[in-house]
Amino acid sequence: MKLRSATILRPLLGALAMLLPLAGAAEGQGLVYVLNSGDANIQVLDASTRQQKSRIPVLREVHHLALTPDGSTLMVGDSGANEMLFINPATGELLKRETLSNPYHLGFSPDGRTLTITSLRRDQVDIYRWDGQALQLAKRLDLPDMPSHLAYRPDNKVVYVTLQASGTVVAISLETLEPLWTADVGPEPAGIVWHKDRLLVGIMGSDHVAVLDPDTQAVERRISVGRGAHALFPAPDGKTIYVTSRVDSRITLLDPNSLEATRTLNVPGGPDCVTFDPQGRLWVTLRWKGRIGIVDPVTGAMETQRVGRSPHGILFAVTPPQAAVTN
């Protein structure tokens, strides 16, 4: 009987031994892009070792990034140099640089046909049409004061932009390319996301998330998360919304149904932007420390890796095994 059990188990154990290295390789396979706004470069890290694979120099100051709708190209805005960089996210290869007015925050509409870019310094919002190959400026709007982050309505008809210095959110029609309304939300609004027919806005000049009804333009609720409430990041599985608070150095977990705070993670160093790896860990830029943190949301444990000065935007890009990084 023991011989039969061993005979049955041996091939199963052998198959498992073959699969484990593959699983480990898949788990660590990826590149992490860190935008070092204080060092004028884009750092490309190997996700498995967290070591630098390459460094892409920029002219002035990179802050935010966006993947094209097909995932083939990473767009990074150099706001200080009036330039957009186009990168192959699977390899780190710089594909091209394109002159573009002061790109600060940027994001594609759900249907992938529109790219909106905010200009924090120039008080403008640019709306581009995207055909999969090139950008065409459709409208430039003068919108004081300090256009910051943006979010879209799921039907692709409206983009919402936070105006930091005026404490407001402006709604812009993507059909007429004109403002529809402006609503007061609180001092220094920053990150904004659409969530179940409401807009959630990080109020950086205070300690909360404002819940804005876009139909009535009224703030119907305020959710305390910590001073310097900055940006919001829904988890890929839809089970949690993460909110970074830069002054209190914490990340607050919100229940997506009740919007109640369920937990707080202490993240020293001024947590700013967040990206997720395939295991659900948070890769967080620590703005005041020149580091990134890798946070386990279950245990709250965090490991750190030194990067450049004032890291801002970050992206975990899963890469195919055959991809090679171009130095």
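Student: How much space lies in the largest pocket?

Tutor: The model is predicted, so local features need pLDDT of at least 70 and side-chain atom pairs count only at pLDDT 80 or more, while totals for chains, interfaces and linings use all residues. Residues are numbered from 1 along each chain as its sequence is written, and side-chain values use heavy atoms, without hydrogens and water.

The space in the largest pocket is about 1000 Å³. A pocket here is an open set of points on a 1 Å grid over the protein atoms alone, where a 1.4 Å probe fits, with protein on both sides within 12 Å along at least five of seven lines; lining residues have an atom within 4 Å of a point. Grid points are joined across faces, edges and corners, and the volume is the space filled by probe spheres set on the points.

The lining has 33 residues, and Leu65, His105, Leu106, Leu232 and Phe233 lie nearest the centre. Elements that give two or more residues to this lining are β4 (62–67), β8 (105–108), β12 (147–152), β16 (189–195), β20 (229–234), β24 (271–276) and β28 (311–317). These strands are DSSP runs (E, at least two residues), numbered from the N terminus.

By class, 24 lining residues are nonpolar, nine are polar and none is charged. Ala, Val, Leu, Ile, Met, Phe, Trp, Tyr, Cys and Pro count as nonpolar, Asp, Glu, Lys and Arg as charged, and the others, including Gly, as polar.

Technical notes: Helices (H or I, at least four residues) and strands (E, at least two) are DSSP runs, numbered from the N terminus.
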